[in-house]
Amino acid sequence: MNESPVIIALDVESTEEARALVRALGPEAGFYKVGMELYASAGMEFVRELIGEGKRVFLDMKYYDIGETVRRAVAQVARVGVDLLTVHAVGQVMRAAVDGRGDSKLRLLAVTVLTSFDQDDLHEMGYTCTVPELVGMRVRTAVEAKVDGLVSSPLEVRTVRKLAGSAMTLVTPGVRSAGASKGDQKRVATPAEALASGANYLVIGRQVTRASDPAAALAAIHREIEVAAPSTGN
Ligand code: C5P
């Protein structure tokens, strides 16, 4: 198939476990998400190792700090050769991140509203709007701040695509093949549905990483995507 849209979430607690997964997946996986847990244990050294092996890296750090700190941290991430980095979709934070990224190849993804937040959480933070309203406002701010993309639930990706336009890179977690265990993700779509709704990349974790044969599980997802949208071979 053409380049895979699947990014594997390396949600494990040690370098050893992460290396074992990367080895097990071999050439089937070319793009990995390193989140807070693995970063806290394995750090940038492991990110460099992945990039050194020719893998692409999505660093999911969801930066949210004063502009100067964000700008300087993003510049460091860009220097390492990371492909995707998340920041919160707050104007000041995103503008500082865009500044820090400069003309490197790093693409910045804005996180609008965490999927775990509901109306009560917004109320607690002092917001009087609804979750969809806040998502909409933050998508517009992200476009104005000129970040490169957004993280979106697969069920909101169609709306987000309309608001964000065709140039934005949309990345969706919460994706599961029909019949696969949903884990703690309540609102999910299949990989083919998420792509058809406008996602460019799919973040998939446990369906692959907890499979007895991770490479076979990922290959099955790749076949599923191919069947839904056969590549032209170009
Ligand atoms: O559920 P799964 O293991 O596929 O999750 C993969 C990634 O999706 C996790 O690393 C997490 O960051 C993200 N996720 C999310 N919202 C959820 C559940 C997971 O953004 N509700």
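Is K146 buried or exposed? In this predicted model, K146 is exposed, with a relative accessible area of 61%. K146 sits in the loop that runs between α6 and β6. Its backbone also deserves a look: phi of K146 is near 65°, which is a positive value in a residue other than glycine. A second residue that is not glycine, K62, has a positive phi as well, near 45°. K62 belongs to strand β3, which covers residues 56-63. With a relative accessible area of 25%, K62 is partly exposed, because that value falls between the 20% limit for buried and the 50% limit for exposed.

Helix α6 takes in residues 131-145, and helix α4 takes in residues 91-101. The axes of these two helices come within 9 Å and cross at roughly 30°. Since angles under 35 degrees count as roughly parallel, α4 is roughly parallel to α6. The crossing of the pair is right-handed. On the α4 side, the contact is made by G91, M94, R95 and V98, and on the α6 side by T141, A142 and A145. Sorted by class, the contact of α4 with α6 has 4 nonpolar, 2 polar and 1 charged residues.

Helix α4 also holds D99. At 52% relative accessibility, D99 counts as exposed, because the limit for that class is 50%. The C-alpha atom of D99 is separated by 8.4 Å from that of A75, and the two residues are 24 apart along the chain.

Helix α6 packs with α7 too, at an angle of about 40° and with the axes 9 Å apart. The two helices, α6 and α7, are therefore oblique to each other. Here again the crossing is right-handed, as α6 passes α7. From α6, the residues in this contact are V135, G136, V139, R140 and V143, and from α7 they are V160, L163 and A164. By class, the contact of α6 with α7 comprises 6 nonpolar, 1 polar and 1 charged residues.

At 3% relative accessibility, S152 counts as buried, because the buried class takes in values under 20%. The side chain of S152 reaches the backbone nitrogen of V157 at a distance of 3.4 Å. Leaving aside residues up to four places away in sequence, S152 touches V157, V160, V171, T172 and P173. One of these, V160, is also among the α7 residues that meet α6.

Strand β5, covering residues 107-111, includes R107. This arginine is partly exposed, with a relative accessible area of 22%. Which residues does R107 touch, not counting residues up to four places away in sequence? They are R56, D83, L84, L85, D148, T169 and Y201. With Y201, the side chain of R107 makes a polar contact of 3.3 Å. By contrast, R107 and G136 are 21 Å apart in space, C-alpha to C-alpha, and 29 residues apart in sequence. G136 is one of the α6 residues in the contact with α7.

A further helix pair brings together α1 (residues 15-25) and α10 (residues 214-228). Their axes come within 7 Å and cross at roughly 55°. The pair α1 and α10 are therefore oblique to each other. As α1 passes α10, the crossing is right-handed. Residues L21, A24 and L25 in α1 meet P214, A215 and L218 in α10. The residues of this contact of α1 with α10 divide into 6 nonpolar, no polar and no charged.

Key
Residues numbered from 1 in each chain as written. Predicted model: local features only at pLDDT ≥ 70, side-chain atom pairs only at ≥ 80, totals over all residues. Heavy atoms only, no water. Axes fitted to C-alpha atoms, helices over the stretch in contact; angles between N-to-C directions. Helix = DSSP H or I, 4+ residues; strand = E, 2+ residues; numbered from the N terminus. Parallel < 35°, antiparallel > 145°, perpendicular 65-115°, else oblique. Left-handed = near helix turned anticlockwise from the far one by under 90°. Contact = heavy atoms within 4.5 Å. Nonpolar A, V, L, I, M, F, W, Y, C, P; charged D, E, K, R; others polar. Buried < 20%, exposed > 50% of the residue type's maximum accessible area, 1.4 Å probe, protein only. Polar contact = N/O pair within 3.5 Å; in protein donor to acceptor, adjacent residues only side chain to side chain.
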